[in-house]
Amino acid sequence: MAESFFLRAQVTSTGVTFAQTTIGLGSFVDVLGQAILKIHGIYPAMRNAGNNLPYTMGLNDAEGSVTWQLTTQSQTEVQGLTDKSVIASGGAIQSFSSKPVMILSTLQEDVNVQNFSNGYLVATEDIYLGIDRSTGTGDECDLDVIIECSVVKMSTSRALALALSQQ
């Protein structure tokens with residue numbers, strides 16, 4: 001395996017509007033130069049915005065969810081796994097009683113690169129980290145990710161075909 005390195009990104013959800021940030025890969029991906037990115041692992045963490053404490057919605061007698069995704073195309077909403085641009089996705093579900101006392105908090109990954117035996121190849125110059133919440137109440141939410149990557153060589157024709165398939 002080639003030397004791995006780490007990319008880091010953060011996106012903040014301020015309510016029920018989908019939020020997204022761009023992660024530039026132009027320093028690593030050069031399709032004509034036969035260089036593409038191989039993602040080995042994606043490690044997400046949800047935090048209350050700005051204070052690094054675990055994220056809680058803090059709702060009374062309610063449930064809420066946060067959904068995140070990493071894609072090869074810019075999006076306006078969370079996509080399903082059948083969308084060809086989806087690299088990884090997951091979320092958190094929480095439930096509170098009227099006190100408010102947390103009854104349930106679960107973090108899930110629908111699909112993550114670690115589930116694949118050979119990683120995930122990316123030939124686009126940008127990838128996109130998106131987040132959406134089911135409720136506008138509670139604290140703003142930061143989604144932080146660390147992405148473990150390496151640069152690998154692929155023939156120009158195969159790299160171009162991969163890039164086109166991811167757009």
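## Basis

The model is predicted: local features need pLDDT of at least 70, side-chain atom pairs count only at pLDDT 80 or more, and totals for chains, interfaces and linings use all residues. Residues are numbered from 1 along each chain as its sequence is written, and side-chain values use heavy atoms, with hydrogens and water left out.

## Fold

Along the sequence the order is β-β-β-β-β-β-β-β-β-α.

Contact means heavy atoms within 4.5 Å. Among contacts between residues at least 6 apart in sequence, 75% join residues at least 24 apart.

## Burial and core

The chain has 167 residues, and 44% of them count as buried. Buried means under 20% relative accessible area, exposed over 50%, partly exposed in between (1.4 Å probe, protein chains only). The chain exposes about 8,400 Å², with 49% supplied by carbon and sulfur atoms. These areas come from the Shrake-Rupley method with a 1.4 Å probe.

The largest nonpolar core has 35 residues. Such a core is a set of buried Ala, Val, Leu, Ile, Met, Phe, Trp, Tyr and Cys residues joined through side-chain atoms within 4.5 Å. Ile147 is among the residues with the most contacts inside it, as are Ile23, Ile39 and Ile42. Not counting residues up to four places away in sequence, Ile147 touches residues including Phe5, Phe6, Leu7, Leu70 and Ile127.

## Asp142

Asp142 sits in strand β9 (residues 141-153). Asp142 is buried yet has no salt bridge, meaning a side-chain nitrogen of Lys or Arg within 4 Å of a carboxyl oxygen of Asp or Glu. The nearest side chain of opposite charge is Arg47, 8.2 Å away. Lys and Arg count as positive, Asp and Glu as negative; His and the chain ends are not counted.

The side chain of Asp142 makes a polar contact of 2.5 Å with that of Thr12. A polar contact is a pair of N or O atoms within 3.5 Å; within protein, one must be able to donate a hydrogen and the other to accept it, and residues adjacent in sequence count only if both atoms are side-chain atoms.

Gly91 belongs to strand β5 (residues 86-96). Its relative accessible area is 4%, so Gly91 is buried. The C-alpha atoms of Gly91 and Ile131 are 8.8 Å apart.

Gln79 lies in the loop between β4 (62-71) and β5. Its side chain makes a polar contact of 3.2 Å with the side chain of Gln75. A polar atom of the Gln79 side chain also lies 3.0 Å from the backbone oxygen of Glu77.

Key: Helix = DSSP H or I, 4+ residues; strand = E, 2+ residues; numbered from the N terminus.
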